[in-house]
Amino acid sequence: MPTRRSVRRRGLACGLLTLALVAGPTIAASGADEHETRILFVRGADRSGGFLEAGDDAQRTEQLADITNTSTARGNHGWGALAAMLRGAGHEVTQIAESAEGPGPTDGLAVDLVSLDLDGYDVVVLGSNNAAYGSAAVDALDAYVRRGGAALFISDANFGGSWQDAPNSDQAFLDRYGIVVHQDTGTYRIDDDELAAPTHPVVDGVEAVDGEGVSPFDVGAATVDVTIVAPAEGQVRLNPGDRQGPTRAADDDDAAVWVAEAGDGRLAGHFDRNTFFNDNGAGTHLGRLDNARYATNLFAWLAGGERAPVPTVPGPTVPGPVPPEGPMPPEVPTVPGGVGYWMGDAGGQLYGFGDATTPNAVPGSIVDSSTTPDGTGLWVLTTDGTVHALAGATDHGSLDPTTLDPGETPSTISVLPDGTGYWIFTNRGRALPFGTAPDLDDLVDLGISNVLNGPVIASVATPTGQGAYMVAFDGGVFAIGDADFHGSMGGQPLNGPIVGIAPDPDGTGYWLVADDGGIFSFQADFQGSMGGQPLNQPVVGAVPYGTGYLMVATDGGIFNFSDQPFLGSLGNNPPPNPVTTITGYPT
C-alpha cells in the first residue's frame with residue numbers, strides 16, 4: 001500500500017465580489033405562493049469581467065456568473081445549474097444586469113436599488129457586479145436587510161476588469177457593517193473538522209466544500225454580531241481599493257464563510273463564486289464534494305427557513321478519467337544514502353526528510369523549489385518573484401514583479417540539469433530565463449497567454465536544458481523549446497484540477513497529478529494513485545522519486561509510489577501554514 005497521510009490547497013486563481021440579498025419570511029413577495037421564495041440575481045454589465053483571462057468582449061462577458069449560462073465547458077462560466085437547483089427547491093429565480101456603457105471593457109452602471117422594489121423579492125443576488133454603488137444604494141440595501149432581508153457576499157477577481165473592481169463594488173455595502181472583502185488569492189477546500197461553527201444550519205450535513213481563487217473577509221472590526229462558520233486559510237490578499245493588494249497569512253479575524261444578523265435580517269459571506277459553477281467549472285463546481293448541499297442550506301438559512309433536503313444537481317456530473325488501477329507498490333524499508341525530499345510552506349518554512357537536511361526558513365510564501373544537481377542546495381521561489389539560493393545553490397537572479405502584466409504572478413521554477421541557470425514561469429505561461437537558461441518562445445510569445453483555460457501552475461525542464469514543459473490548472477500541457485509533447489488532460493473532464501507535473505526517470509515522458517491524488521501517465525509507467533480514495537487534504541504537487549513519484553498534501557502528508565523508502569511526513573503534525581511544494585533529493 002502507498003504511504004498515506006493527508007492532502008489539500010493550492011495557490012492561484014481569479015476572483016471578484018458577488019452579493020446576495022435574501023428577505024426573511026416576514027417579507028412576502030406579492031402574488032407568490034406562500035411556500036415559494038423569489039430570488040433576483042443582479043449580474044454585472046456585459047464586457048465587465050475577465051481581466052485575468054479574457055481577450056475580447058465576448059470572453060469578458062462569459063466570465064460573469066450568469067444564471068442563464070448553462071455551459072459545462074471547462075473554465076469560468078455560469079450559475080445555470082445553481083439556478084436550476086434553486087428552482088427545483090421551490091424558489092422562483094430571475095435576473096437583471098447592470099448596464100453596459102460605451103464600447104469595449106467597462107465597469108458598468110449600477111442598478112437603481114433605491115427605486116427597485118426590493119421587498120418584492122425574498123432573495124436579491126448581486127452576482128458578479130462591478131459598478132460603483134453610492135450612499136443612497138447602501139442605505140436602501142441596509143434598510144431592506146434590517147427590516148427582514150438578508151445579504152450574501154461572494155467575491156472573485158475575474159468578475160471584473162481589475163483586481164479591485166468587484167471587491168470595491170460591494171465594499172461600500174460591507175463598510176456599513178465594518179467588514180472588509182479581501183482580493184482574490186489561493187485555492188482551498190474546507191472540511192467539516194476545520195469548521196469554527198460546525199453546528200450552524202448552513203453547514204448541516206456538509207463534509208467538505210471548496211473554491212478556486214478565493215476571496216475571504218476580514219470581520220475583525222464588524223459592527224454586527226458575526227459568527228465565523230469557517231476560518232480563512234493560507235494567505236489572504238488585502239484590498240487597498242485602488243490596486244492589487246499585498247498578501248499576508250490569514251489570522252483569526254479572516255473568515256472563508258461567515259454569517260451575521262442586522263436588525264431583523266441576515267448577512268453572510270462566502271469565499272468563492274466557483275463553488276456554484278456548472279459542471280467542469282474552473283477548479284470546482286456545484287456537483288463537487290458537498291457544494292450543492294451547502295448552497296441549498298445557505299439560501300434556506302438566509303431566507304429564514306429550515307435546511308432543505310439533500311439537493312439534486314441538474315444534469316449528470318461527469319467523472320474525471322480514471323487511470324487503470326494496478327497493485328499498490330509495497331512500502332520499502334528505510335535505506336541509507338542519498339535519498340530524501342524537502343517540503344516548503346506558505347510561511348516560508350522548509351522541512352527536510354532523509355538525507356535532505358532542513359535549511360533555514362526564507363522570507364515570504366513559497367510557491368516552488370528545486371534542488372541542485374548534487375543535492376547540496378536549494379533554489380526557493382517565493383510569491384514576490386525572489387529566488388532564494390540556499391547552501392550550495394548559486395544565485396542566478398530573481399524576477400522583478402513590476403515587469404509583469406496586471407494579474408500576472410510567478411508560479412513555478414525549473415532548473416537546468418547542470419544547475420547553471422533556471423526559468424521562472426508565470427501564471428500566464430511567460431518563461432523568464434536566468435543564468436545560462438536559453439530564452440525560449442513561451443505562451444506570451446506564441447500569443448496564447450490570454451486564452452488559457454487555467455493558470456500555469458507547474459513546470460519541468462527537459463534533460464538537455466533546451467526546453468521545458470508547463471502544465472495549467474485545467475490539465476493543458478505546453479511543450480516549449482526541444483520538449484516533445486506527449487499528451488495532456490486539457491479539455492478532458494477531471495474530478496479535480498491538475499496541480500503538478502513530474503518527469504519519468506529517463507525524461508521521455510511525464511506524469512500529471514490532480515488535487516484528488518489521481519495520476520495521468522504520458523509516455524511514463526503508471527505506478528499507482530490515490531484517485532477515488534478519501535483524502536484528508538488535497539494534493540498540491542508531485543516530484544520524481546526513484547522509479548516513480550511522491551505526492552504531497554497541504555498538511556504535509558506524503559503518498560509514495562516508487563521503489564524508494566517513505567522517509568516521513570508532516571501528516572500527523574501539520575505545520576501552521578499549508579505546504580505548497582515538494583522537491584526530491586537527486587537519485
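## Close-up views of a predicted model

**View 1. Asp504, a buried loop residue.** Asp504 has a relative accessible area of 9%, and because the cut-off for buried is under 20%, Asp504 counts as buried in this predicted model. To find Asp504, look in the loop that links β26 (498-503) to β27 (510-514). A polar atom of the Asp504 side chain lies 3.1 Å from the backbone nitrogen of Thr508. Setting aside residues up to four places away in sequence, Asp504 also touches Gly509, Tyr510, Trp511, Gln523 and Ala524.

**View 2. The largest nonpolar core.** Here we turn to a core of 45 residues, in which Phe41, Trp79, Leu82, Phe276 and Phe299 touch the most other members. Both strands and helices supply this core: β2 (38-43), α2 (80-88), β4 (123-127), β5 (150-156), β7 (187-191), β10 (225-231), β13 (254-262) and α5 (291-302) each give two or more residues. Which of these elements gives the most? That is α5, with seven residues. For a closer look, pick Phe276: beyond its neighbours within four places in sequence, Phe276 is in contact with Gly78, Trp79, Leu82, Ile154, His270, Leu286, Tyr294, Ala295 and Leu298.

**View 3. Helix α4, mostly covered.** Helix α4 spans residues 165-175, and eight of its eleven residues are buried. The buried positions in α4 are Asp165, Ala166, Pro167, Ser169, Asp170, Gln171, Phe173 and Leu174.

View 4. Strand β29 (residues 539-545) pairs with β30 in the antiparallel sense over six bridges, and Ala542 has Met551 of β30 as its bridge partner. The hairpin formed by β29 and β30 has two residues between the strands, and Gly546 in the turn has a positive phi of about 60°. The β30 and β31 hairpin has four residues between its strands, with Gly556 in the turn showing a positive phi of about 90°.

**View 5. The open sheet β20-β21-β22.** Three strands, in the order β20-β21-β22, make up this open antiparallel sheet. β20 (410-415) and β22 (431-435) are at the edges with a single partner strand each, so one side of each is left without a neighbour in the sheet. From one strand to the next, the twist averages 25°. Strand β21 (residues 421-426) is joined to β22 by five bridges, and Phe425 stands opposite Ala431 of β22.

**View 6. The open sheet β23-β24-β25.** This open sheet has three antiparallel strands in the order β23-β24-β25. Which strands stand at its edges? They are β23 (456-461) and β25 (477-481); each has a single partner strand, so one side of each lacks a neighbour in the sheet. The twist averages 20° from one strand to the next. Five bridges hold the antiparallel pair of β23 and β24 (residues 467-472), with Ala461 opposite Ala468 of β24.

Methods: Residues numbered from 1 in each chain as written. Predicted model: local features only at pLDDT ≥ 70, side-chain atom pairs only at ≥ 80, totals over all residues. Heavy atoms only, no water. Buried < 20%, exposed > 50% of the residue type's maximum accessible area, 1.4 Å probe, protein only. Polar contact = N/O pair within 3.5 Å; in protein donor to acceptor, adjacent residues only side chain to side chain. Contact = heavy atoms within 4.5 Å. Pairing = 2+ DSSP bridges. Axes fitted to C-alpha atoms, helices over the stretch in contact; angles between N-to-C directions. Core = buried A, V, L, I, M, F, W, Y, C linked by side-chain atoms within 4.5 Å.
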